[in-house]
Amino acid sequence: MSWTATILTLFPEMFPGPLGQSLAGRALENGTWNCDVRDLRAFGLGRHNAVDDTPFGGGAGMVMRADVVDTALDSVSRQDGAPCVYLTPRGRPLAQADIRRYAAGPGVTLLCGRYEGVDERVLEARSIEQVSIGDYVLSGGETAALVLLDACVRLLPGVMGSAESGVEESFSDGLLEYPHYTRPAEWQGRTVPDVLLSGNHAAIARWRREQSERVTRERRPDLWAAHLSHSSSRPSVQEGQSL
Ligand code: SAH
């Protein structure tokens, strides 16, 4: 059984969308993963297949009904261990560790919200994970689902060209990645750091490590603090770690 993304959405045409191209698209074609899209409208109620209603307590907008979402989820065959995730700005921030966990399992079921979101009770009743892709508000969960899936699919076995490219990258050890350079060695008067042309692999590794630490410290004090508290709680294995 290949890794399966089951997507519940009011806009099924949005999938696989950009994931039909490039790495993810090839992986979809060769069956490394599956995109099983379910139209929430098909589970709507009454003559108009209503999926939403006005919020109790008043206020603007509409809320997706618990019963409709519940029936839609019932239609999804239960894959053992495949988590169900609701994309929402109220969720915990999605991180690479979650992506690794999802990619390692049989797949994910993604619930894409629209309007003001989904009735809280179905999220509780189904123990649905609530995940946000960042501190901004999208018009719907579909683009967030595409982001989550893009990050998962590239980690599936055989999808990325080199096995290494998933290991040494941003967040793999809690740090952002070092900067990259390629030919030409001089461009518009800008040169490449000498060490990268030296052929000294130990020196290059040391320089990259320092750059990773510098950029993390400067741009992401939150990640840097977490990294420091991690590395002080276990013996340092990294030589040449400059703080
Ligand atoms: N009223 C809600 C926002 C609704 S936006 C609030 O203030 O929390 C409509 C839908 O877009 C949501 O149900 C959710 O599925 C999706 N969405 C919006 N922003 C998102 C984000 N940052 N991460 C993940 N999903 C998001």
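Modeller: Two strands are said to pair if DSSP finds at least two bridges between them. Helices (H or I, at least four residues) and strands (E, at least two) are DSSP runs, numbered from the N terminus. In this structure, 5 strands form an open sheet in the order E2-E1-E6-E5-E7, and the pairing is parallel. Strand E2 (33–39) and strand E7 (129–132) are the edge strands, since each pairs on one side only. On average, neighbouring strands of this sheet are turned by 35 degrees against each other, direction ignored.

Colleague: What kind of model is this?

Modeller: This is a predicted model, in which local features need pLDDT of at least 70 and side-chain atom pairs count only at pLDDT 80 or more, while totals for chains, interfaces and linings use all residues. Residues are numbered from 1 along each chain as its sequence is written, and side-chain values use heavy atoms, with hydrogens and water left out.

Colleague: What pLDDT does the chain average, and where does pLDDT stay under 50?

Modeller: pLDDT is the predictor's confidence in each residue, from 0 to 100. The chain averages 93, and 93% of the residues score at least 70. Over residues 236–243, however, pLDDT stays under 50, and the model has 13 contacts (heavy atoms within 4.5 Å) beyond four places in sequence for that stretch.

Colleague: Over how many bridges do E1 and E2 pair?

Modeller: Strand E1 (residues 3–9) and E2 pair in the parallel sense over 7 bridges.

Colleague: Which strands does helix H3 touch, and which strands does helix H5 lie across?

Modeller: Angles run from 0 to 180 degrees between N-to-C directions, with axes fitted to C-alpha atoms, for helices over the stretch in contact. Helix H3 (residues 96–104) packs on the sheet and touches E1, strand E5 (84–93), strand E6 (107–112) and E7. The direction of H3 makes about 180 degrees with that of E5. Helix H5 (residues 141–153) lies across E1, E2, E5 and E6, and runs at about 165 degrees to E6.

Colleague: How many salt bridges does the structure hold?

Modeller: Side chains of opposite charge can pair when their charged atoms come close. A salt bridge is a side-chain nitrogen of Lys or Arg within 4 Å of a carboxyl oxygen of Asp or Glu, and the structure holds 17 of them. Aspartate 70 and arginine 126 meet in one, at 2.8 Å from N to O. Arginine 126 lies in the loop between helix H4 (120–125) and E7, and aspartate 70 in helix H2 (residues 66–74), so the pair ties together parts that are 56 residues apart in sequence. Arginine 126 also forms a salt bridge with aspartate 74, the closest N and O atoms being 2.6 Å apart. Aspartate 74 likewise lies in helix H2, so this pair ties together parts that are 52 residues apart in sequence.

Colleague: Are arginine 126 and aspartate 74 buried or exposed?

Modeller: Buried means under 20% relative accessible area, exposed over 50%, and partly exposed in between (1.4 Å probe, protein chains only). Arginine 126 counts as buried at 19%, aspartate 74 as exposed at 54%, and aspartate 70 is partly exposed at 30%.

Colleague: Where is serine 231 found?

Modeller: Serine 231 is found in helix H7 (residues 221–233). At 18% relative accessibility, serine 231 counts as buried. A polar atom of its side chain lies 2.8 Å from the backbone oxygen of histidine 227.

How values were computed
Polar contact = N/O pair within 3.5 Å; in protein donor to acceptor, adjacent residues only side chain to side chain.
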